[in-house]
Amino acid sequence: MNQQATEQTSLLTQARQRRSPFSLPALLLAGACSLVAIGQPVQAATVSAPVLLEHVRLFDGTDTPEQEDMAVLVEGQSIAAVGHNGAVKAPKGTKRINLSGKTLIPGLISNHSHVGVVSGTKIGAENFTAPVIKTALDQYERYGVTTVTALGLTKSPLFDDLRKAQHANTDGADLFGVDQGIGVPGGMPPEGMVKVGKDQIFRPSTAEEARQAVDTMVSEGTDLVKLWVDDFRNGVKSAKPLPVMKPEVWQAVMAEAHAKNVRVAVHIHDLAYAKKLVSAGADIIAHGVRDEPVDDELISLMKSHNVWYVPTISLDEATYLFAEQPALLNDPVLKAGLSGDLSRQFSDAAWRDKIVKSPLDAASHKAVAMNEQNLLALYKAGVKIGFGTDSGAAPVRIPGFAEHRELRLLVEAGLTPLQALRLATSQAAALLNLSDRGVIAPGKRADFVVLEADPAQNIAAVDQISAVWRGGVRADGPLVPR
Ligand SMILES: [Zn+2]
């Protein structure tokens with residue numbers, strides 16, 4: 001292990017030790033603890049006794065209806081067997097955990113988040129550090145989000161090192177994503193608001209600069225390329241539009257990325273840009289269309305080009321949610337992810353008043369309604385839908401909490417709770433081309449969440465996390481100490 005990896009490991013250990021003091025007794029009570037689960041970073045080679053989760057209600061992440069009284073055998077990092085209770089043979093020495101009354105779902109997967117941008121109420125280059133990112137990945141995991149895709153505003157080697165570290169251990173969410181991403185000089189992402197380091201974003205003005213930016217990202221090991229194509233008015237008619245990326249730049253990015261076998265995710269807000277970018281070869285539309293209803297032209301383009309769509313409805317809700325609903329501050333599920341600074345901001349009546357009276361507040365309500373309507377139309381038309389929130393890009397987009405809000409908003413839009421969960425599990429894994437997760441089936445990673453209640457009855461059950469497992473290790477839980 002090299003020096004850098006050693007430092008990362010010690011960071012992982014520190015992060016684990018900072019965890020809630022409630023997790024250890026809970027682990028012991030559940031009988032789920034092993035030496036690896038209670039203190040040390042777990043490396044891929046760790047061998048622990050098989051575990052049989054018994055008498056559990058199972059949502060496996062697919063179209064299959066929930067199944068009652070199931071058993072799931074975990075061996076090492078993987079699921080070894082799934083079946084009706086009594087039908088799964090467990091090897092000698094297997095630990096048994098009775099999950100009667102609880103529901104097992106696959107770990108949640110975000111296709112659109114950010115890391116190392118925000119800490120507390122502050123946005124800035126100073127947050128692009130391993131400890132800030134590790135703290136966020138721990139928080140995602142506490143909320144049952146076991147895989148996170150950071151869509152830009154990072155840079156390597158730190159980002160690439162952290163991705164590799166998270167692939168190899170089970171402490172905090174697994175991490176994938178985009179290195180810097182491709183923005184616009186004087187445009188998106190707005191420099192005055194997203195105050196990341198100048199080296200955390202490319203802003204090419206020519207096709208040649210755009211190709212070089214893609215080549216740099218690919219050489220750094222980026223999983224995807226990201227583009228921002230938006231004037232950043234966010235539905236506020238009086239807002240001054242920012243300059244938008246030129247077609248020759250986005251065309252050069254797509255051509256270069258595809259030549260290197262890397263897919264391109266695009267930030268859009270408006271229908272017209274969604275159509276242009278899908279026509280130009282975008283692989284993932286990374287936000288919902290929020291200016292007008294989607295039409296048959298976009299639907300047929302999305303389907304014929306086989307493009308993924310990630311609505312991120314909670315992004316706009318987060319603009320007003322905490323200002324309009326101060327009672328949420330008493331919600332233990334929010335408290336589990338709230339920094340002191342952010343809590344003070346939400347408690348500040350002057351801050352709340354300013355938000356509520358801003359033109360963006362009214363525009364954000366409209367954006368949520370339009371995003372929900374469009375998501376349902378695209379879902380019903382059979383367009384491939386992923387799951388994401390833009391959590392971590394702004395202080396109000398709270399890692400983990402945002403993903404729970406997104407599930408509620410997908411249901412508010414008209415999906416059933418299990419349809420919403422399917423997007424956040426098997427579909428989100430498929431978007432990432434990850435065949436090792438997103439469903440609970442033999443051979444898949446043992447990444448899952450144990451819920452106290454049945455999410456099919458009420459999606460709010462996702463808040464009632466009893467335990468989070470990642471890579472065969474009980475990593476967290478309960479979310480709210482009992
Ligand atoms: Zn984003």
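Helices (H or I, at least four residues) and strands (E, at least two) are taken here as DSSP runs and are numbered from the N terminus. The structure is a predicted model, in which local features need pLDDT of at least 70 and side-chain atom pairs count only at pLDDT 80 or more, while totals for chains, interfaces and linings use all residues. Residues are numbered from 1 along each chain as its sequence is written, and side-chain values use heavy atoms, with hydrogens and water left out.

The mean pLDDT (the predictor's confidence in each residue, from 0 to 100) of the protein is 91, and 90% of the residues reach 70 or more. Over residues 1-45, however, pLDDT stays under 50, and for this segment the model has 64 contacts beyond four places in sequence, a contact being heavy atoms within 4.5 Å.

The protein is divided into domain 1 (3-106 + 437-476) and domain 2 (108-431), with bounds that come from an automatic or database domain assignment. The centres of domain 1 and domain 2, taken over C-alpha atoms, are separated by 28 Å, and 38 residues of domain 1 are in contact with 37 residues of domain 2. In an unreviewed entry, UniProt lists residues 103-472 as "domain: Amidohydrolase-related"; such positions are given in the numbering used here, feature names are shortened, and annotations may be inferred rather than shown by experiment. The span 103-472 is 41% helix and 14% strand, and its end C-alpha atoms lie 17 Å apart.

The zinc ion is coordinated by His112 (NE2), His114 (NE2) and Asp390 (OD), at 2.0 to 2.1 Å, where donors are N, O and S atoms within 2.8 Å of the metal (3.2 Å for Na, K and Ca), and where the site may look incomplete because water is not among the atoms. Along the chain these donors follow the spacing H-x1-H-x275-D.

Beyond four places in sequence, phenylalanine 322 touches residues including Leu328, Phe346, Trp351 and Phe401.

Valine 145 lies in strand E9 (residues 145-151) and is buried, at 0% relative accessibility. Valine 145 and alanine 424 are 279 residues apart in sequence and 9.2 Å apart in space, C-alpha to C-alpha.

Backbone geometry was also examined. The peptide bond from serine 156 to proline 157 is cis, with omega near 15 degrees, and proline 157 is found in the loop between E9 and helix H4 (158-168). Asparagine 306, in the loop between helix H8 (296-304) and strand E14 (308-309), has a positive phi near 60 degrees although it is a residue other than glycine.

Definitions and conventions. Buried < 20%, exposed > 50% of the residue type's maximum accessible area, 1.4 Å probe, protein only.
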